[in-house]
Amino acid sequence: MTLVRENITSLYRQIADTLRQEIAAGHFQPGGKLPSEAALEQRFAVSRVTVRLALKHLTEQGIVERKQGKGTYISGKKVAHGINVMRSFHESLKQQGLNATMRLLAKEEVPTPESLQSLFQMSRSLTFISRLHLVDNDPIAVGYSHFPAFPHELSWEETEKEPTWVLLEKATQHHISRSDIAIRLAFADKGLVDVLGTDKNAPLFLLERTSWFENGQCAENSRFFIRPERYEFILSNS
């Protein structure tokens, strides 16, 4: 391809357009790796700054993903989450036939946070778990959950494998009958950067879910910080 070398803006957009067309034509597969910055610099005979601007442009459009220390990859198929169906976060991934796994990051008893005291009025302390959600071993979200302590200690193994709702219903013998969901914008802090492999202050979906037992008692409160380039929310009307 011959670039029209008018200014840096037109150069990086021409490179981004060329790569976008090649991705659309199937030259690179979803999840596949783009050539290195050095290779693109040589191919297009431009500076490293121009290459990085082109890749940044594609990243902002959700076409590619930058992974720290690894390179630039074609974005995989987006994961859909139906918000009009009561289903746990992990189950929503498994239902789509995805290779979805969880990695337990933390499990401990903590004083009930002030922000949750109105939900858990009878609990001075709560169980807190933090889990990394992966699809094909690629981090897609981090979940933080609070719920009342169980009569028995949860094992690390079952907490890593079982969705929160399954753990709660097994332990209490009560059915979760309702969940309230709010979706907001959040930005990646250092802790999220480390586990999700995203850039600092990168925009994320924040899904907050509060679930209730059939007797009206609050079952759990969870917050999921989700990479938006791999995820979308679907609301179906029937």
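**Exercise 1.** State what share of the protein chain's residues count as buried.

*Solution.* The model is predicted. The protein chain has 238 residues. Of these, 43% count as buried. Here buried means under 20% relative accessible area. Now take the surface: the protein chain exposes about 13000 Å². Carbon and sulfur atoms supply 49% of that area.

**Exercise 2.** Find the buried residues of helix H2 (residues 37–44) and say where they lie around its axis.

*Solution.* First, list them: Glu-37, Leu-40 and Phe-44 are buried. They cover an arc of only 65° around the axis, so they sit on the same side of H2. Then look past the helix. Ala-45 follows H2, and its phi is positive, near 55°.

**Exercise 3.** Work out how H2 and helix H3 (residues 48–60) are oriented, and which residues meet.

*Solution.* Two packed helices are described by the angle between their axes and the distance between the axes. For H2 and H3, the angle is about 110° and the axes are 9 Å apart. Angles of 65 to 115 degrees count as roughly perpendicular. Therefore H2 is roughly perpendicular to H3. Now the residues: H2 brings Glu-37, Ala-38, Leu-40 and Glu-41. H3 brings Arg-48, Val-51, Arg-52 and Leu-55. Sorted by type, the contact has four nonpolar residues, four charged and no polar.

Definitions and conventions. Residues are numbered from 1 along each chain as its sequence is written. This is a predicted model: local features need pLDDT of at least 70, side-chain atom pairs count only at pLDDT 80 or more; totals for chains, interfaces and linings use all residues. Side-chain values use heavy atoms; hydrogens and water are left out. Buried means under 20% relative accessible area, exposed over 50%, partly exposed in between (1.4 Å probe, protein chains only). Helices (H or I, at least four residues) and strands (E, at least two) are DSSP runs, numbered from the N terminus. The arc is that of the directions from the helix axis to the C-beta atoms. Axes are lines fitted to C-alpha atoms, for helices over the stretch in contact, and angles run from 0 to 180 degrees between N-to-C directions. Angles under 35 degrees count as roughly parallel, over 145 as roughly antiparallel, 65 to 115 as roughly perpendicular and the rest as oblique. Contact means heavy atoms within 4.5 Å. Ala, Val, Leu, Ile, Met, Phe, Trp, Tyr, Cys and Pro count as nonpolar, Asp, Glu, Lys and Arg as charged, and the others, Gly among them, as polar. Accessible areas come from the Shrake-Rupley method with a 1.4 Å probe; for residues, only the protein chains shown count as cover.
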